[in-house]
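Please read this report with the sequence and the 3D view side by side. It goes through a set of local features one at a time.

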Amino acid sequence: MRVLVLGGDGFCGWPTSLYLSDRGHDVTILDNLSRRKIDVDLEVESLTPIVSVSDRIKAWREVSGREIGFVNVDLANEYDRLAALLRELRPDAIVHFAEQRAAPYSMRSAKTKRYTVDNNVRATHNLLTAIVDTGVEAAVVHLGTMGVYGYGWSGSAPIPEGYLTVKVPTPDGDLEREILHPANPGSVYHMTKTLDQLLFAFYAKNDGLRITDLHQGIVWGTQTPQTARDERLINRFDYDGDYGTVLNRFLMQSAIGHPLTVHGTGGQTRAFIHIKDTVRCIEIAIENPPQTGDKPLVLNQMTETHRVLDLAKLVSDITGAEIAYLPNPRREAEENDLAVRNDQFLALGLEPTTLSEGLLGEVTDIAGRYAHRADVRKIVARSVWRAGMETAPDLLTELPAREG
Ligand code: NAD
Ligand code: USQ
């Protein structure tokens, strides 16, 4: 298949591009490198040393003999270049990762709130319009988030895959209807994903676009068999207070002797998936698109749920790290249950990588190997959901001396 990967230089997009290329697909990456530029603004770098996108692609050519195309286009602001690319490439599938994806970054300031909405909503809408405008037959696979459902809306009932069957009382009896699961976003970033859902529903209905929306949980881990083939192919590893996600942060914190930064009580329960399973899910999704005329197909892309405190305890048991309970910079429920249906991916052949299999290897292989690159002043989360909310001071001011 000819596959266009939007946002293919990012944490999920790069390993997906390599995986699909390895599996024989003809891959082109579109990315405006905005994620790398945000790192420059935030004065932080990936814990792993990532090389330039052209060196990445050159390294892949050397180790695999395969070509990956690259175009630097801003999906949100360069509509004509996007349309020209679609006409030239005529992709069979388009995988859409190209959005600002950090909740804390989206809540940092008025500027980052506006950027996140402008970038994400325009990127998605430009893509959908361009497909209609150019008449290409591509099926779209979008990376959405479990966070569109919110946490606790339906108590302990398992979250369905996208849609909810409801009964509407009428004078003639109850009508049964299937509706999009109510949206309950917890940040400006998550809100953009709920807006994306409406765009998808409209373009599927009006223009017959074939769209799969993957409601993905928190991705953990770093490497896939492809990114591990050469150090120049290594995946990014975000650990800072804005972009680092909870489990990877705990792994990295334990590797450098930093206390594990639990927000509040740690009673928040979230859904997780390993990066190796993310790339496999994308392949499954592009191979199983909905039909023209179908509503968007929603798949919950997650394999396990865990409480934040349980994760901290697990990492602490393996590594001896201390646990720090910090003021929570977010407005979120202190405790929540979470049960999620993911039957569709399991039925389509996903074999989950579990935390118990992968965890220790991640600590020693990646977090430990690159611990010296960490800037400890970037670890504590500083973006608050409302002005005046408390954050913790830095817990360390320099890297502790390491043995050996
Ligand atoms: P990332 O920030 O590492 O990658 C996103 C990529 O998109 C970056 O390379 C960035 O430069 C590019 N991009 C952003 N805006 C663009 C634009 N206007 N034009 C062109 N390129 C643009 O993020 P990620 O972790 O790889 O996440 C990818 C997608 O998966 C996101 O949509 C995110 O919401 C979703 N997701 C991620 C996670 C996770 O834990 N990382 C979990 C659930 C869902
Ligand atoms: N948390 C801590 N300590 C930390 C970091 C986070 O306790 O050091 C807590 C947060 O307060 C939150 C939970 O851990 O309760 C998850 O935070 P996170 O930063 O790991 O994940 P989140 O902000 O939800 O966002 C990430 C990705 C986003 C994706 C989402 C999937 O950045 O792109 O959409 O996971 S989901 O959570 O399922 O919505």
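The model is predicted, so local features need pLDDT of at least 70 and side-chain atom pairs count only at pLDDT 80 or more, while totals for chains, interfaces and linings use all residues. Residues are numbered from 1 along each chain as its sequence is written, chains are lettered from A and ligands numbered from 1 in the order in which they are written, and side-chain values use heavy atoms, with hydrogens and water left out.

**Salt bridges**

Side chains of opposite charge can pair when their charged atoms come close. Here a salt bridge is a side-chain nitrogen of Lys or Arg within 4 Å of a carboxyl oxygen of Asp or Glu. The rule gives a count of 25 salt bridges. Three of them are listed in the table.

| Pair | N to O distance |
|---|---|
| Arg35 and Asp39 | 2.9 Å |
| Asp238 and Arg35 | 2.9 Å |
| Arg101 and Asp238 | 3.1 Å |

Helices (H or I, at least four residues) and strands (E, at least two) are DSSP runs, numbered from the N terminus. Asp238 and Arg35 meet in a salt bridge. This pair links distant parts of the chain, 203 residues apart: Asp238 is in the loop between strand E9 (218-220) and helix H8 (246-256), and Arg35 is in helix H2. Arg35 and Asp39, in contrast, both belong to helix H2 (residues 34-42), where 4 residues, about one turn of the helix, separate them.

Are these residues buried or exposed? Buried means under 20% relative accessible area, exposed over 50%, and partly exposed in between (1.4 Å probe, protein chains only). Arg35 and Asp39 are both buried. Arg35 counts as buried because its relative accessibility is 16%. Asp238 is buried too, because its relative accessible area is 6%.

Arg101 forms a salt bridge with Asp238. Arg101 has 28% relative accessibility, so it counts as partly exposed. Through shared partners, salt bridges join Arg35, Asp39, Arg101, Arg236 and Asp238 into one network.

**A cavity and a pocket**

On a 1 Å grid over the protein atoms alone, a cavity is a set of points where a 1.4 Å probe fits but cannot get out, and a pocket is an open set with protein on both sides within 12 Å along at least five of seven lines; lining residues have an atom within 4 Å of a point. Grid points are joined across faces, edges and corners, and a volume is the space filled by probe spheres set on the points.

The whole structure holds 3 cavities of 30 Å³ or more. The largest cavity has a volume of about 70 Å³. It is lined by 13 residues, and Gly152, Trp153, Ser154, Gly155 and Ile159 are the closest to its centre. For the classes, Ala, Val, Leu, Ile, Met, Phe, Trp, Tyr, Cys and Pro count as nonpolar, Asp, Glu, Lys and Arg as charged, and the others, Gly among them, as polar. The lining of the largest cavity has 7 nonpolar, 5 polar and 1 charged residues.

The second largest pocket has a volume of about 270 Å³. Its lining has 17 residues, and those nearest its centre are Ile38, Asp41, Tyr105, Lys111 and Tyr115. At least two lining residues come from each of H2 and helix H6 (110-134). H6 supplies the largest share, 6 residues. By class, this lining has 5 nonpolar, 6 polar and 6 charged residues.

**Single residues**

Glu43 has a phi near 55°, a positive value in a residue other than glycine. Glu43 lies in the loop between H2 and helix H3 (53-64), and counts as exposed because its relative accessibility is 61%. Arg90 is not a glycine either, and has a positive phi of about 40°. Arg90 is in the loop between helix H4 (79-89) and E4, and is partly exposed because its relative accessible area is 38%.

Val166 is part of strand E6 (residues 163-170). With 23% relative accessibility, Val166 counts as partly exposed. Between Val166 and Glu178 there are 6.2 Å in space, C-alpha to C-alpha, and the two are 12 residues apart in sequence.
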